[in-house]
Amino acid sequence: MPDALENPIVLILIGAAISLVASVAVTGLQARLLRRNDVREASRASARRLTSVFIGERDSADSADGFLTEAEITVMSMTDRKTRERLAAVLRLLRERAMPELEELSGVRADRARRLLCEHALEVLGAHLRSERLPEVPGEVKQMLRVEEEALSIRSGDKPRPPAAPAEPISKSQVTARPRHTGSKASGGTTARKTTKAAGRSTAKAGAKTEEAPAKEGSAFWDD
């Protein structure tokens, strides 16, 4: 091995290989940085274009929803995921703001919702261009996002499911109390039977006396 390193041809080949590997690595790194810069510049250009669009929509007297399609395509080219999702939600609410169901459930009218959503989108775009943290979602926008699904279900004819009623407890049938047989009641029953028998006997005797009375009256002739 030391003899091979002393060979100038081997040294030239080793140096050429190292130079080639270094050149490839540097070229790939430069291409990656250039591509990242291009994507970042394209995203910033999209953000600036969206800024001008939202400013024009906010300051316009009449709402023109034709810009929404182009704005949605522009939003899809942005690299930051949070900014892309926030702006997509704003554009979706701008399409749905005139729905009577959404206005009734959220309490925000269409004109106010348009201005409010455009201002929030401008705040998000400004934070993205400055590489800052995204601002908080305003309370009215949160309310619109909260009732959006319910408004769409009512719009499509599917009424929201009513809350489930609590299950009623199973009512037990009343059990009729049965009289218990005691000694006193048994003796009472025996006394009642004895009284009935005595009454029957007295009634029979009275009937016999009544039948004997006419017989005695008929025998008065023989007494004479």
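This text walks through the structure, from the whole chain down to single residues.

The model is a predicted one, so local features need pLDDT of at least 70 and side-chain atom pairs count only at pLDDT 80 or more, while totals for chains, interfaces and linings use all residues. Residues are numbered from 1 along each chain as its sequence is written, and side-chain values use heavy atoms, with hydrogens and water left out.

Start with the whole chain. The secondary structure comes to nine helices and zero strands. Along the sequence the pattern reads α-α-α-α-α-α-α-α-α. Helices here are DSSP runs of H or I with at least four residues, strands are runs of E with at least two, and both are numbered from the N terminus.

Next comes the surface. The chain has 224 residues, and 21% of them count as buried. Buried means under 20% relative accessible area, exposed means over 50%, and partly exposed lies in between, with a 1.4 Å probe and protein chains only. The accessible surface of the chain is about 17100 Å², and 57% of that belongs to carbon and sulfur atoms. These areas come from the Shrake-Rupley method with a 1.4 Å probe; for residues, only the protein chains shown count as cover.

Contacts tell how the chain folds back on itself. A contact means heavy atoms within 4.5 Å. Take the contacts between residues at least 6 apart in sequence: 70% of them join residues at least 24 apart.

Now look at helix pairs. Two packed helices are described by the angle between their axes and the distance between the axes. The axes are lines fitted to C-alpha atoms, for helices over the stretch in contact, and the angles run from 0 to 180 degrees between N-to-C directions.

Helix 2 covers residues 8-59, and helix 3 covers residues 67-76. They pack at about 155°, with axes 10 Å apart. That makes helix 2 roughly antiparallel to helix 3. The cut-offs are these: under 35 degrees is roughly parallel, over 145 roughly antiparallel, 65 to 115 roughly perpendicular, and the rest oblique. The crossing of helix 2 and helix 3 is left-handed. Left-handed means that the near helix is turned anticlockwise from the far one by less than a right angle; clockwise would be right-handed. On the helix 2 side, the contact uses Ser 46, Arg 49, Leu 50, Val 53, Phe 54 and Glu 57. They meet Phe 67, Ala 71, Thr 74 and Val 75 of helix 3. By class, this contact has six nonpolar, two polar and two charged residues. Ala, Val, Leu, Ile, Met, Phe, Trp, Tyr, Cys and Pro count as nonpolar, Asp, Glu, Lys and Arg as charged, and the others, Gly among them, as polar.

Move on to helix 3 and helix 4. Their angle is about 170°, with axes 10 Å apart. This pair is therefore roughly antiparallel. The crossing of helix 3 and helix 4 is left-handed. Residues of helix 3 in the contact include Phe 67, Leu 68 and Ala 71, and those of helix 4 include Arg 84, Leu 87 and Leu 91. The contact has nine nonpolar, one polar and three charged residues.

Met 78 sits in the loop between helix 3 and helix 4 (81-96). Is Met 78 buried or exposed? At 3% relative accessibility, Met 78 counts as buried. Beyond neighbours within four places in sequence, its contacts include Ser 43, Ser 46, Leu 50, Leu 87, Leu 125 and His 128. Met 78 and Ser 46 are 32 residues apart in sequence, but their C-alpha atoms are 6.9 Å apart.

Arg 112, Ala 113, Leu 116 and Leu 117 of helix 6 touch Glu 140, Val 141 and Met 144 of helix 7. The classes are five nonpolar, no polar and two charged residues.

Ser 131 lies in the loop between helix 6 and helix 7. Most residues other than glycine have a negative phi. Ser 131 has a positive phi of about 60°, although it is not a glycine. Ser 131 is exposed, with a relative accessible area of 64%.

Finally, find Asp 59 in helix 2. Asp 59 is exposed, at 51% relative accessible area. Asp 59 and Arg 115 are 56 residues apart along the chain, and their C-alpha atoms are separated by 8.2 Å.
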